[in-house]
Amino acid sequence: MGAMLRRNAVMAMFMGLAVAACAQQRQLPQPRVQVPTSAPAETKEQSFRDAAFGVRFKVPPGWEITRRDHEVSTFRMDARTAPPGLQMRSVLSLDFNPYPQSTLAGALVYYSVEKHAKAAECVRQATGKGEPQDTQEIGGVNFVHGHDEHGEMCVEARDEVYTTYRKGSCYRFDLEMNTFCAVSSGAAEITESQMQDIEARMTGILSTVTLDWSKPGARQGPPPSDTQRKKLPTPAAATGGISN
């Protein structure tokens, strides 16, 4: 439960700091909420290796990593196209908020593997329910890329899904960004440029992924483009619950 509690605490502090910042602008009493806006100077880049599946990638400073599936109870909710047999092998969570006055609630990178999968099923994990898709070559590996987002009154979760298939296994990476509704919170809606920055940070992690059976030399991939994001109605236009 430790990692889950830490993640919930960070998300709560993210939202609390946004509300506190807006309250200060209105000269209201400011709660004592502190969330770092950048990685601490003493933190270092880490190297991750999954020896069982031959997967490696770099973990930037300011990101926490855990390998224990049961400690991250939101994986199935975040990765909505994940099949039952998918094994979550690790999750990275952003431990600071570069935009504390925005509605940003957190950013995560999930790495998972499905053994005994079929190639077509691996593609469908990324494409989901007919969402826009493309392919990207990263580190000599061709990934199928799809997008999923959902929420109630506003978009609360955006998931960029990358999958690749090799020798009966489907390798999957979910780049998940969570936000909360600005209505009644006092926080500013996260801007497009801010979202692109968070997406670029997550894509930067993906660009360091190497597989023992792939060509060496990961290359930086571009963040997902605007045209691949399915827009949901704004709170003013919403008439009820929204679900993709």
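**Reading the model**

Me: How do you know where confidence stays under 50?
Reply: pLDDT is the predictor's confidence in each residue, from 0 to 100. Residues 217–244 stay under 50 on that scale, although the model has 73 contacts for them beyond four places in sequence (contact means heavy atoms within 4.5 Å). This is a predicted model, where local features need pLDDT of at least 70 and side-chain atom pairs count only at pLDDT 80 or more, while totals for chains, interfaces and linings use all residues. Residues are numbered from 1 along each chain as its sequence is written, and side-chain values use heavy atoms, with hydrogens and water left out.

Me: Where is confidence highest, and where lowest?
Reply: Strand E1 (residues 46–50) is highest, at a mean of 95, and helix H1 (residues 2–25) is lowest, at 47. Both are DSSP runs numbered from the N terminus: helices (H or I) of at least four residues, strands (E) of at least two.

Me: What makes E4 and E5 a pair?
Reply: Two strands pair if DSSP finds at least two bridges between them. Strands E4 (residues 87–94) and E5 (residues 104–114) have six bridges, in the antiparallel sense, so they meet that definition. Leu-92 has Val-109 in E5 as its bridge partner.

Me: Which order do the seven strands of the open sheet take?
Reply: The order is E3-E4-E5-E9-E8-E7-E6, with antiparallel pairing.

Me: Why is one side of E3 and of E6 left without a neighbour in the sheet?
Reply: Strands E3 (63–66) and E6 (133–138) stand at the edges, and each has a single partner strand, so one side of each has no neighbour there.
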